[in-house]
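Hi,

Here is the structure I promised to pass on.

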Amino acid sequence: MNRLFDSELPSAYSAQREWSVPAAAPLERYPHLAEAWSWSRGRIRQIGGCLRRAAPSFPQIITVAVSGSLGRLEAGPPSDCDLIVVLSDDRAIDQTHRSAIMRSLWSELGSMGLSRPNETGIYATPTTATQL
């Protein structure tokens, strides 16, 4: 029987739950992983809080997902913050407006000291639900 499907799948995002495989890979045996797990979870909580406070200023944003090392909970202080930003399908949001939304979003997140991803990479511009 496949254990992945027959028992208790996590019901929360990984950053919101405890280490899910304590018997197979106890974190105390892997101090670097434990440190990255803890640091990443704390940073994601901070990002979430900042985004919840800023949400009224960004009605076009329907989803923000954390990706990269931070999303895998493997990040540390030198890691950049790869965010996938999904905007509504409103046709009035052209590329200039999308860029302005991202600048404003990063302005909100700037107080956290997050390293921004490469400005020409896939995380530099938002997408829409239809484009996904």
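Residues are numbered from 1 along each chain as its sequence is written, and side-chain values use heavy atoms, with hydrogens and water left out.

The chain averages a pLDDT of 83 (the predictor's confidence in each residue, from 0 to 100), and 87% of the residues score at least 70. Over residues 1-7 pLDDT stays under 50. Where pLDDT is low, the predicted coordinates should not be read in detail.

Now the sheet: three strands make an open one in the order 1-2-3, with mixed pairing. (Strands are DSSP E runs of at least two residues and helices H or I runs of at least four, numbered from the N terminus; two strands pair if DSSP finds at least two bridges between them.) Strand 1 and strand 3 (127-128) are the edges, each pairing on one side only. Strand 2 (residues 82-87) runs parallel to strand 3 over two bridges, and Val-86 sits opposite Thr-127 there.

Helix 4 (residues 95-109) lies across strand 1, strand 2 and strand 3, at about 135° to strand 2. Contact here means heavy atoms within 4.5 Å; axes are lines fitted to C-alpha atoms, for helices over the stretch in contact, with angles from 0 to 180 degrees between N-to-C directions.

Cheers

Methods:
Predicted model: local features only at pLDDT ≥ 70, side-chain atom pairs only at ≥ 80, totals over all residues.
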